[in-house]
Amino acid sequence: MNLKTVLILLGLALATIFALVCVLLTRERSPRRCQHLPPEQEDVEDSQSLVFADLTPEEMSQVVRYLQGHLGVPLVDASRAKPSDNCIASVDLQVPAKAEVLRFLDGGGARPRREALAVLYFGRQPEPNITEYVVGPLPAPAYHRDVTVHKYGGKVPYHRRPTLAVEYKQVGEFLKSRVFPSAPAFMQQVMEYDGANLAVVTAAPRGFQSGDRVTWFVVFQNVSGFFVHPVGLEVLVDHSSLDMSQWAVSRVFYNGQYYRDMAQLESAYVQGRISVEKVSKAAWDGDFSSMKPRAPRAAQFPVQFEPQGPRYSVRNNRVLFQAWSFAFGMSVSTGLRLFDIRHKGERVAYEISVQEALSVYGSNCPGGMSTRYMDGSFGLGRYASPLVPGVDCPYLATYVDTHSLSDSLRPRRNKASLCIFEHNLGSPLRRHYSNLQSLYYGGLVNSALVIRSIATVGNYDYVWDFIFYQNGAIEGKVQATGYPSSSFLHGDGLRYGNRLWEHTLGTIHTHFVNYKVDLDVGEPEP
């Protein structure tokens, strides 16, 4: 072979390699989206899975319009509502009764009516309360029924309502305009307060006895990753009154000492009777709390490649993967949920879903020591965050938009907030290399299908996975990342956690995660 031939072959090889690299890079930059096929292209099972499908934005809007026109009371947009207003807190799918769905799926029964569950806060009533309505049939609502008493055994008192985003803003404005100004010397000289450099984080629950609505708000430096920049100040706010002008401070805590209010703290500071622990001002990016990489990336991370395209399919809310099939959805309060999970055509579970994420804290500061977060009350589906290709999910994953309606009269699109991908597990499912009697090798690649969402609730990012394996196993998995919750480090604080920074205590805590697993192995359970 002469030199000219070698050079030609080398050039062709380089061109082929370059073309393959371009294809890979192009696919990486264009993550797949869920296929939404027209009805005539759906088979029967795809159509059946829609009984579990999340509400569309149009259906949510229809429910809002129906409630506005049929309840006989004014409804204020929840994003602007005062505690004394009536508003729609959320609208979600009312999942039909299981028996009704099974008759439809398995017995040729009628398709269940499509309905929504609307949660309303009635603050402008003689007896303020929380009411839940089932609204239907969709997409053209014609009725609503109150299911509150049936679900909860009686009316739900108004003080039990989960806090709307607007109420947090209103508490923030209360602190800024009425509380902090009552301690001008302390706030300026100790906190270096300029009206914008402090942030507050809520504790929960809101009191210790029925009827309470008092909350500790912990003050932090308003920088990137502020959750780990406490300044030592915590304020207990009584926001139980529906008249915001009647809100008041019940207690103040600073650097290990309690005060009646900010005025008493100011007096003690001016008279030199308090121990001041001034926190160094953090850089705008948070310094140690910055999410910026600490070192330049040496090389690109490895990526997976699908030589013949994906081995699974996603049609509307139904996924097919080898012997597996299931329908998926996203509840505004509880997050990711799966229905009608089948293996080789046989139903093994009717529903597998996240129900609650609870975290219990300990600290020698009141905010930390009293906190018992139940993140479903904030909304695990509502706070499903966009997923970044190549980091949160593989580049070649299928990305699905979800929609929610909460704290507003308008649906919100959560872009690419759910992903589906097949994952090579990196070790063989089975293998054997024989060097006795006869020589042979047999092995099988081990891969699994993953459906994932990530909910960012305050400081925590919960990575929710349901994993389907080739051997018939299903795994529910959650990973907690984001930022730790912290308290101001003082006194015997190290009994309650670990030092994260000079004045930052990473508080001891325990996570409890609850799932609903409705197995239908062999025969369905009612």
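The model is a predicted one, in which local features need pLDDT of at least 70 and side-chain atom pairs count only at pLDDT 80 or more, while totals for chains, interfaces and linings use all residues. Residues are numbered from 1 along each chain as its sequence is written, and side-chain values use heavy atoms, with hydrogens and water left out.

There is one disulfide (a pair of cysteine sulfur atoms within 2.5 Å). Cys393 and Cys419 make it, with their sulfur atoms 2.1 Å apart. Cys393 sits in the loop between strands S17 (372–374) and S18 (398–406) and Cys419 in strand S19 (residues 412–424), so the bond ties together parts 26 residues apart in sequence. Helices (H or I, at least four residues) and strands (E, at least two) are DSSP runs, numbered from the N terminus. The S-S torsion is about -75 degrees, so this disulfide is left-handed. Cys393 is buried at 2%, and Cys419 is buried at 0%.

Salt bridges (a side-chain nitrogen of Lys or Arg within 4 Å of a carboxyl oxygen of Asp or Glu) number 23. One of them pairs Asp77 with Arg410 at 3.8 Å, N to O. Asp77 is buried at 4%, whereas Arg410 is exposed at 58%. Another joins Arg342 and Asp106, also 3.8 Å, N to O. Arg342 lies in strand S15 (residues 335–343) and Asp106 in helix H4 (residues 98–106), so this pair links parts 236 residues apart in sequence. Asp106 and Arg342 also belong to a salt-bridge network with Asp340 and Arg347.

Conventions: Buried means under 20% relative accessible area, exposed over 50%, partly exposed in between (1.4 Å probe, protein chains only).
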